[in-house]
Amino acid sequence: MIPTAQLKAQLDAILARLRDATGATRCTFRGDLPERGIDCNDVAGEALAPGARSLRGQTAIDQRAAGSIRWLAANHRPLVQPDLSGAVDPPPPPQLKSVFGVTAQMLGPVVRGNALTGWISVHYDKGVRAWADADVKALERALEEVHLVLDDSGLGRLAGKTALITGGNTGIGRAVALAYADEGAAVAIAWIAREADAQSLVTEIERRGRRALAVRCDVTSESDVSSLFAAVGTFGALDILVNNAGIQKAQPITEMSLDDWERMMSVHLRGAFLCSREAARVMIPRRTGRIIILSSQLAYIGRPNYTAYSAAKGGLLTFTRALAQELAPHGILVNSVSPGLIDTGFDPLSEETKRAHAASLPLKRLGMPEDLVGAFVFLASDEGRYFCGQTLHPNGGEIMP
Ligand code: NDP
């Protein structure tokens, strides 16, 4: 991670170019980057015309409460305001005009993980300013540069986000938890039996300089899930839920007990329902969020002795599609990942069976949890912003739906 002073210097340089291009009085960048101790109520980068007053250290205004910033958070595109005199819609903070003498402005949003992380302000103080196309283009160029700087600065694509991964202590969930931490997220996980793995994961994430929380929770229990979300609620505002908890038991249908069948349905379907319901309840008011659901390629092709598991994963696929449609109007994206056989020990196959399976794949090897994490980071990050109700298939080419 580059030092914060260096990051701020890079932001200053971008803003200086923007100010030169627009002839503005002042260009600033504000953002919420908690890992850096950067808060949007102060400016993190600034460029000033000669004699213009600096906004550094002027923290009295609650920026996010301003109508103009709420507009940016809802619209994710530049706001161009040529004349701030009289009643302006959406209104900037009143002090911007009365104390700092700004008469016209442009605002450009910095959106990461589908949420407004920060914004560039371009201020003018000599009356009405008919912003030209070239001014807006210069602002858009600066926004791209800020995105690149934030991506390269080690903040990561999930900087400032809070993620919850059920079954995050082992296997695929653990790899996703570490990848999310590497991308800047604070990560909470739920586990049910293997506490030592949960604790070692917390240590590993904290060693990476991120916050971590591990909560024991049976995802089939409504009260456990309710306590889990209460704990996560005090940890951070939930941005990303990965419904990953799962169980496996291969057996002929003639030997399957009703309890086996119901446990399979319960961990996968009831668990995903309970966790997604709680997540939706906290994400809907914030109008942002990502829910990722672990299905399996067996949802598509089935397999002898895997009837219950295949049925549960098929149900999760359809659950994904229905929930995606229901939550999209609230700004929440729901998608799924359907891996092929991943070598986690989840399915206790013999080495010989695994070798034969690997040989049958176009890529000639079994998948490892690390092979999947790109799909999960993508779906959780701003890059996945146009994916809704879709399924990604990291499976070595076994099936190509
Ligand atoms: P793991 O066994 O490593 O992970 C399963 C996780 O689920 C564990 O963390 C386990 O917790 C947790 N879990 C199980 N039951 C519950 C419960 N009732 N409440 C809360 N947590 C629970 O296997 P994988 O990493 O391989 O599997 C993860 C997901 O990926 C599963 O949904 C699986 O179906 C899916 N998947 C796996 C494939 C594979 O080949 N491995 C292929 C396709 C999909 P604990 O450790 O505490 O028991």
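Trainee: How many residues of strand S5 are buried?

Mentor: This is a predicted model. Strand S5 covers residues 115-124 and is mostly covered. A residue is called buried if 20 or more other C-beta atoms lie within 10 Å of its own. By that criterion, the buried residues of S5 number 10 of 10.

Trainee: Which strand pairs with S5 over nine bridges?

Mentor: Two pairings of S5 may be considered in turn. Strand S1, residues 26-31, pairs with S5 in the antiparallel sense, but over six bridges. Nine antiparallel bridges join S5 to the strand of residues 104-112, namely S4.

Trainee: What share of the residues in the chain is buried?

Mentor: The chain has 401 residues, and its secondary structure comprises 12 helices and 12 strands. Its C-alpha atoms fill a box of roughly 80 × 40 × 40 Å along the principal axes. Over the chain, the buried share is 46%.

Trainee: What distance separates the centres of domain 1 and domain 2?

Mentor: The domain assignment places domain 1 at 4-152 and domain 2 at 162-392. Taken over C-alpha atoms, the separation of their centres is 38 Å.

Trainee: How many residues does domain 2 bring to the contact between the domains?

Mentor: Domain 1 contributes six residues to this contact. By class, that side has two nonpolar, two polar and two charged residues. The contribution of domain 2 is eight residues.

Trainee: What percentage of the contacts between residues at least 6 apart in sequence joins residues at least 24 apart?

Mentor: Here two residues are in contact if their C-beta atoms, placed from the backbone, lie within 7 Å. Among the chain's contacts at a sequence separation of at least 6, the share joining residues at least 24 apart is 68%.

Trainee: Which element supplies the largest share of the shell around the ligand?

Mentor: The shell holds 29 residues, of which Gly167, Gly171, Ala245, Gly246 and Phe346 come nearest. Helix H5 (171-182) and strand S7 (186-191) each supply at least two shell residues. The largest share is three residues, and it comes from H5.

Trainee: How many residues of the ligand shell are charged?

Mentor: The shell around the ligand includes 15 nonpolar and 11 polar residues. Glycine, found among the nearest residues as Gly167, Gly171 and Gly246, counts as polar in this scheme. The charged residues of the shell number three.

Note on methods: Residues are numbered from 1 along each chain as its sequence is written. This is a predicted model: local features need pLDDT of at least 70, side-chain atom pairs count only at pLDDT 80 or more; totals for chains, interfaces and linings use all residues. Domain bounds come from an automatic or database domain assignment. Helices (H or I, at least four residues) and strands (E, at least two) are DSSP runs, numbered from the N terminus. A residue is buried if 20 or more other C-beta atoms lie within 10 Å of its own, exposed if 12 or fewer, and partly exposed in between; C-beta atoms are placed from the backbone. Two strands pair if DSSP finds at least two bridges between them. A residue is near a molecule or strand if its C-beta atom, placed from the backbone, lies within 6 Å of it.
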